[in-house]
Amino acid sequence: MKIQCILNGKLTLIETEVQDLLSDSLRKNGLLSVKNGCYQGKCGACTILLNKRPVPSCLVYTSSLNNDEVETLEYFYKSEDYQDIEEAFVILGIKLCGFCNAGTLFTLYDILQRSKQFQKKELETKIRTINCDCVEEESLLKAVLLAKQIKDRRLGEEIKKYGKR
Amino acid sequence: MEKDKLDFEKNIQVISAQNLEELFYFQKSVRDLYIVGAGTTKEHLSNSHKGIKSILFTRTITDLCQIEKKERYIDIGSASSLAQILELGEKIIPKVFYDALKSIANPFIKNLATIGGNICYTKKRLTLFSPLLALEAGLEFKASASDTLYIPISKFHEVPKGYFLSKIRIPIEDWDISIFKKLGPQETINAFSAFFTFLAQIEKTVVVDVRIAFCGNISFRHKELENKLLGIRLPLSNKFKNELILEAEELYNLRFEADQKKNKIDLDSDALLKQQYLNLLSFSLDYLS
Amino acid sequence: MCAKTQKKQFEFINSYYSDLSLDEQVIALIVRSPVASGTIRSINHPSLPEGYSIFTKKDLRWETDIEVLDTKIPLLAYEKISYEGEAIAIVCGPSIHVARRIIAGLDIQFTEALEEAKNPEEDIVLHDIFTRAIDMSQNKKKIGSEIESLKDETIYTINKTYSTKIKHEFYKESIGCLAHFSKKNLSIFTPSLWAQNLVENVSAVTNIATEFISIKKTISHHLSESNIWAESYIACLASYASLLLEKPVFLQIEKKDEIPFFYNSPEFSTSFNVSFTSEGKILSIDAHCQIDCGAFPIFKEEIINRTKVACIGAYSIPEQKIRVDILKSAKPPLSIDINAVDTHAQFAIEVLMQDIAMKLKLFPHELRLKNIETAQSGILDLGAEEIPSLIETSIDKSQFLRRYATYNLVSQDPELFLKHKPCRGIGMSIGFQGSSFASSILENKRKELSITLRTDESVIIHAHTHSKQIANIWKQMAAQELSIPPEKIKLDPSYAVLSDAFPSTIHRNINITTSLIKRCAKGIEAKRFHEALPIVEKKAIYTQRPKTWNLKKLEGKPYFSYAWASAVIDLEIDSYSYEVLIKKIWVTIHAGKILNREDAEKSVKKNIQQQLSRYLPEESYVSFLIDLHFISSEDDPKEIGSLMNNVIPSALHSALTLALQKPIPQLPLVHDSVFKLIKGKENENTMHS
């Protein structure tokens, strides 16, 4: 069967079987930033943005998509939100292993989008969802706070340049 | 085993509905349509659900994702994601419900899983059932635009044939004591998982309302027990509290025996679950002592 | 083999193997035995679709087992099934869904073995008994006279059994590989950390000469968890299928099969019979360790030898009898972290110390200090002289005495137990991580390293590690010695991995390589301004020296180096829900020179978290406090990557024992076990009152 969705900004038909998981379908379509680590939604390696929300694609049946917006890291890498995080990583010397990138980056993205007060406990809970040895919690906490500053600075400059968006 | 799984997989039809009207149409026209939320348990397309010919995911139906807050209750569409509900905040939704939502899985799974899916899971009562039971939530089921069934959650066993869960209505009341506790492994659900909720309203040192709900191997609210507390002047004496605990144990045993005749209950886990229930009841009653 | 040829045969690919694909690639899935023992008579499919194939043992024309040092593991079972789920065939074809359907539709005819009365002794495939009695005439002054004077004292005995069985849970790329046979050449894309073993086995199974096999080394993940033989096994299956089909074959173990069949950690059990005086002097120890290694016990000797050493550890006990049995059972071959082979033995001896201390009403650290072996010639030398300072620091930082006394008082008093909710406990332990075991069958006896100072004044260290932290440490070490910025130092990725007979997880350890780097750097420094560049300096160390280590007598220095640590864990048990809540952990480590404190701390903290999640699998880890203290020195940096494996479990067990005042039957611990222990204690209290 063919399922329609907006994949990385483009209207796409994905060929799938009924029981296919979205993580497998995306990988079949060459989107290898989606990794399969647990098939239980625990590790975050298969995280994608589904309608702008990070979800574990190993828990989504491809056949359940219904004109949803799906974004993988390949698309996210082109965004300004990613650049804010990347800058923070470079400053702090953080390098990801390649397996947890989707989970880590989309977690930080989600925090930057939704957290209002950036309280340590709330941040810790969200960051704890990332199951990887390559970077530990404290570094990621620093990264998200720094990325927020970078983002605020960028938005401030845009406002100065273009007026309020 | 594997053979069954595969025979079953071959002929499944996946149906998409854009809105409620389409959903009603498919409900009527497609035989044995199986309606699920997001399908995060991944059981629907497995051998535990043999005989499913057609499946429909409600996750994308906007009409079922609406949340409406009124003065005395809050209506939550069955396809609302747990994250969506959690974002309303502790001040909008009852504390025990909020605590229960927080304790589920991780934020990514909460972005996907629906409240309807959590309530309708049949193998075991999941996290949200206990607080909703205590809050006396109501469940709205629909077969069509004009055919609606309202079932209090205390009477809910399984989705009535030909209907789907459309809405959950949660009364909003002020509670002086709100306790929710998840028991068992924190990261998964197994035979040792259970959920305890205790609510109490106190006016001028008198208990005016109390709700105690427990969902583990068996799920219940013991109205007899709650009634004993109504009108009691605080603080509770130790003697009264101990008598209440003994009675709670007897009621638990009776309920267990009754349920065991109907369903297969995991005996290994039950001694622990029963003791945890009594412990938490004691802990909650200490608040009244 | 020249370097160019080696380079052609071994290449690093900066990708995960599961992200790779080749044209006309087929997938392969393993078919597993439905029975635990017996014989397969036939495996057929009524109507195999075109493009799909099934291979069984009958299709293997040459070698049918893989060889892992001392053990052979069958690739595909047929005449003899050894455990339920053992691989009996592989199905290959273009679609994974169709392959699954084929497996589901297979007609497997088998004869199940009859149940026979079994002699338990037959399950022991290897055992070793070590006994030692301190020669009184030689040590009369010290130990001999002590024992003589204690003859009239009351001697206590204790009989205890401790067991552990960890379940792994980790999130990584599944085991697998991509093999491609074409025109006489076989390429294997694999994350394997044991290239030589892989190539040798593939060559034996496919009859392809090793010079025609090339390894494309992909990214490895979660190094210490790696099952070092699994990749060789998978590569053999995939390579053989590729040879027959003449197509690329992608074989990846399904997630549900990975842990049960490739990460089956052994069940350890150690029983002790110990005698000691009321003062806490341990007079004799009779330890019996049993390790269930599954159907094909691998690394038996390594496990036995290191377990014996760890059972004695740093303790000076006049009479020692250690028996280690390797048991065979109808389970998959074990997977073991080679860097933590002796974890259970260290755990068992440490919790024994706690039990003895509780029996004698001594403080646990006092008991240890009374029995620590300080370096003496002819006896086991593990650098125990570092231990007293470790223990003192831990005790001091954690206010151990005060907490221990208080918690013990409350837990022991039936009037106070569970009345003062929750139950609290505090436990301490010591442990070591040894690197380069002198009798290891998994390491080169002679380790060498070379460094090149190039004409542009950059430096190449001809070694390779998969760990970024270790790479940084080596670069910093070389940078310091040569007064060159670390940015000018590189590791050589084309290092001759293929000629490396042993898995790279274990032998390229930080301590030895650091020592070699220093020596090479000194050599270069001496030649630097006298000789033309480039300068290549090569040094070697013999880590296995008969003069300094006697395996038979367990005398001398068993490891090239060792790092000691002490841990204290303060916890409470919620007496309503039986949850175990860690309040705080204090860890003190003798780590040698610390080149990067932040990295070291991060690594240790991660290790602690990992250990807790293994031994308390039902708890979620809200942040608890870790107080980490390094006792640094000018010694070379020590290997501490698995050190917490050897201190956290025993400290945890001891804290739980104190809180519950009952022996903990087995770790990991779940709420149900806590509940039963508390109930048991309550019943005891009721009976005594």
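Two strands pair if DSSP finds at least two bridges between them. Helices (H or I, at least four residues) and strands (E, at least two) are themselves DSSP runs, numbered from the N terminus.

## The model

This is a predicted model, in which local features need pLDDT of at least 70 and side-chain atom pairs count only at pLDDT 80 or more, while totals for chains, interfaces and linings use all residues. Residues are numbered from 1 along each chain as its sequence is written, and chains are lettered from A and ligands numbered from 1 in the order in which they are written.

## A sheet in chain B

In chain B, B:Leu183 stands opposite B:Ala194 in S10(B). Strand S10 (residues 194–203) and S9(B) pair in the antiparallel sense, and seven bridges join them.

These strands belong to an open sheet of four, with the order S9-S10-S11-S12 (chain B) and antiparallel pairing. S9 and strand S12 (219–221) of chain B are at the edges with a single partner strand each, so one side of each has no neighbour in the sheet. From one strand to the next the twist averages 5°. Helix H4 (residues 95–102) of chain B packs on this sheet and touches S9 and S10 of chain B. The direction of H4 makes about 20° with that of S9(B). Axes here are lines fitted to C-alpha atoms, for helices over the stretch in contact, and angles run from 0 to 180 degrees between N-to-C directions.

## Domains of chain B

Chain B has three domains: domain 1 (2–57), domain 2 (63–171) and domain 3 (177–287). Such bounds come from an automatic or database domain assignment. The C-alpha centres of domain 2 and domain 3 of chain B are 22 Å apart.

The contact between them involves 15 residues from domain 2 of chain B and 14 residues from domain 3 of chain B. Two residues are in contact if their C-beta atoms, placed from the backbone, lie within 7 Å. On the side of domain 2 of chain B that touches domain 3, H4 and helix H7 (129–135) of chain B each supply at least two residues. H7(B) gives the most to that side, with five residues. By class, that side of domain 2 of chain B has seven nonpolar, four polar and four charged residues. Ala, Val, Leu, Ile, Met, Phe, Trp, Tyr, Cys and Pro count as nonpolar, Asp, Glu, Lys and Arg as charged, and the others, Gly among them, as polar.

## Chain B against its neighbours

Between chain B and chain C, 17 residues of chain B are in contact with 13 residues of chain C. On the chain B side, helix H1 (2–10), strand S9 (177–183) and helix H10 (267–287) are the elements that give two or more residues. H10(B) gives the most, with six residues. The chain B side divides into seven nonpolar, five polar and five charged residues.

The contact of chain B with chain A takes 19 residues from chain B and 20 residues from chain A. Helix H5 (residues 107–110) of chain B provides the largest share of the chain B side, three residues. That side holds ten nonpolar, six polar and three charged residues.

## Helix pairs in chain C

Helix H15 (residues 597–615) and helix H16 (residues 648–660) of chain C have axes that come within 10 Å and cross at roughly 50°. That makes H15(C) oblique to H16(C). Angles under 35 degrees count as roughly parallel, over 145 as roughly antiparallel, 65 to 115 as roughly perpendicular and the rest as oblique. Residues in this contact include C:Leu612 and C:Tyr615 of H15(C) and C:Pro649 of H16(C). The contact has six nonpolar, one polar and no charged residues.

Helix H9 (residues 364–371) and helix H10 (residues 387–398) of chain C pack at about 170°, with their axes 11 Å apart. H9(C) and H10(C) are therefore roughly antiparallel to each other. In H9(C), C:His365, C:Arg368 and C:Leu369 meet C:Pro388, C:Ile391 and C:Ile395 in H10(C). By class, this contact has four nonpolar, one polar and one charged residues.
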